[in-house]
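Good morning, and thank you for coming. Please look at the sequence and the structure on the screen.

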Amino acid sequence: MPRDSSATKARLLDAAFTEFAAHGIAGARVDRIAEAAGANKRLIYVYFGNKEQLFDEVLRRAMTAGAESVPFDVEDLPGYAGAVFDHLVTRPDLMRLRLWKLLERPATTGLEADAFRRKTAEVADAQERGGLSPEMPPDDLLTMVLAVAQAWFSAAEEGDPGKIDQSWSPERLALHRSAVVEAARRISAPKSTAPQP
């Protein structure tokens, strides 16, 4: 019976995601990835080249899945921030993977740069139409909204940040989400719709 290479690749990518999120690029071990995937270690090199290229594919796959799960909505940046927060609550390992990437590979990838440019262009257009605050340059505004959405996942709270979704009560989770949405609204709303002091 022929081997299903697509299923093997998917298992290797899933196992690699878990390994990289837990240990970063330098600490990840291809032996553990292969064992977790139930595959021969040699296949990692056949399919992906090396450990660094495997990380690149894991990151690309995670970014693509994130963009599909949380589509960018320039017409509702507070809602978008809330959706990013919700996505990270269900997948806190994504934040860990992102932090390892920033630590070990701070240079922006082409995929990241392209996605950011597209979103920034949409923000700039919305600012010109008067739908978003023009007080910050579009790239700063987008960065602040994304930072607000991710802030709680790197905040110093009790417990393991990687298990933050399990350590928050539903009430605490709702308060955090509400704060994220409100902060994004205050950052992005035009002055005419911003709350009065």
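This is a predicted model: local features need pLDDT of at least 70, side-chain atom pairs count only at pLDDT 80 or more; totals for chains, interfaces and linings use all residues.

Residues are numbered from 1 along each chain as its sequence is written, and side-chain values use heavy atoms, with hydrogens and water left out.

The protein has 10 helices and zero strands. Here helices (H or I, at least four residues) and strands (E, at least two) are DSSP runs, numbered from the N terminus. Of the 197 residues, 35% count as buried, where buried means under 20% relative accessible area, exposed over 50%, and partly exposed in between, with a 1.4 Å probe and protein chains only. Contact means heavy atoms within 4.5 Å. Among contacts between residues at least 6 apart in sequence, 65% join residues at least 24 apart.

Let us turn to the core. A nonpolar core is a set of buried Ala, Val, Leu, Ile, Met, Phe, Trp, Tyr and Cys residues joined through side-chain atoms within 4.5 Å. The largest one has 48 residues, and those with the most contacts inside it include Leu12, Phe20 and Leu97. Helix 1 (residues 5-27) gives the largest share of this core, eight residues. Leaving aside neighbours within four places in sequence, Phe20 is in contact with several residues, among them Ile33, Leu54, Val58 and Trp100.

How do helix 4 and helix 6 pack? Helix 4 (residues 51-69) and helix 6 (residues 92-104) pack at about 135 degrees, with axes 11 Å apart. Axes are lines fitted to C-alpha atoms, for helices over the stretch in contact, and angles run from 0 to 180 degrees between N-to-C directions. Angles under 35 degrees count as roughly parallel, over 145 as roughly antiparallel, 65 to 115 as roughly perpendicular and the rest as oblique. Helix 4 and helix 6 are therefore oblique to each other. Phe55, Val58, Leu59 and Ala62 in helix 4 meet Leu94, Leu97 and Lys101 in helix 6.

Finally, helix 5 (residues 77-90) and helix 10 (residues 170-188) have axes that come within 8 Å and cross at roughly 145 degrees. Their contact includes Ala81 and Phe85 of helix 5, and Val180 and Ala184 of helix 10.

Thank you for your attention.
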